[in-house]
Amino acid sequence: MEEVEAVASKANVKYEFNVTYTKEDFIKLNKFYILKLHSFKFIYSILLFALLIIGVAIYGKSYMVIPFIIGFVVAYPIIIYFTIKSNSKKAYETSKEYNGLKYEFKYYDKYFEVNGEKSKGKINYETITLIVENTNYLYLFIDESQCFMINKSSLPNIKFIEFIKSKSHCKYKSYK
């Protein structure tokens, strides 16, 4: 009986592929997440405005604020670089035990399964809150800080992306 169920279950699989996570994958995810999904424009604007006010308060003349603005414009990319590096390292260290492990993804009509050496799960498509695609990866976000990262080179075909978009009915962003 179990053998018949396994064969029937296998027949219902729409897409099936394997993914192996590496440190480079975590770094690319964090870099993309920080630079594209969590834009620093708002924070950048507030800090720039605060520097302007501080400069005017200290020097009393608006043209003296220019050194503060230039300093901030130079410091901002450095801050972003170290933020990405720090977050990537933390994510990798937290997930180090999963590094190099292979995960098998199976996509059915109503849910998908993730099977690996350390974890197994069955996820309904409604759980996906955001799908993000860039040149090399597809990210299926479960919440703001958790996602399934899929290297597009491991996908069986490009129709998978349309399939997952149609099943999840969530927001989709493309950064190609």
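This is a predicted model: local features need pLDDT of at least 70, side-chain atom pairs count only at pLDDT 80 or more; totals for chains, interfaces and linings use all residues.
In helix H5, which spans residues 159-168, the buried positions are Phe160, Ile161, Phe163, Ile164 and Ser168. Because these residues cover an arc of only 160 degrees around the axis, they lie on the same side of H5. Their packing partners are the strands S1 (15-20), S2 (102-107), S5 (130-134), S6 (137-141) and S7 (147-151). Just after the helix, His169 adopts a positive phi of about 55 degrees.

Leaving aside residues up to four places away in sequence, Tyr107 touches, among others, Phe17, Phe112, Leu140, Ile150, Phe160 and Ile164.

The structure also holds 4 salt bridges. One of them joins Lys14 to Asp109, with the closest N and O atoms 3.7 Å apart, and it links the loop between helix H1 (2-11) and S1 with the loop between S2 and S3, the two residues being 95 residues apart. Lys14 and Asp109 also belong to a salt-bridge network with Lys167. Lys152 and Glu133 meet at 2.7 Å, N to O, and both are buried. Within H5, Lys165 and Glu162 form a salt bridge at 3.4 Å; because they are 3 residues apart in the helix, about one helical turn separates them.

Technical notes
Residues are numbered from 1 along each chain as its sequence is written. Side-chain values use heavy atoms; hydrogens and water are left out. Buried means under 20% relative accessible area, exposed over 50%, partly exposed in between (1.4 Å probe, protein chains only). Helices (H or I, at least four residues) and strands (E, at least two) are DSSP runs, numbered from the N terminus. The arc is that of the directions from the helix axis to the C-beta atoms. Contact means heavy atoms within 4.5 Å. A salt bridge is a side-chain nitrogen of Lys or Arg within 4 Å of a carboxyl oxygen of Asp or Glu.
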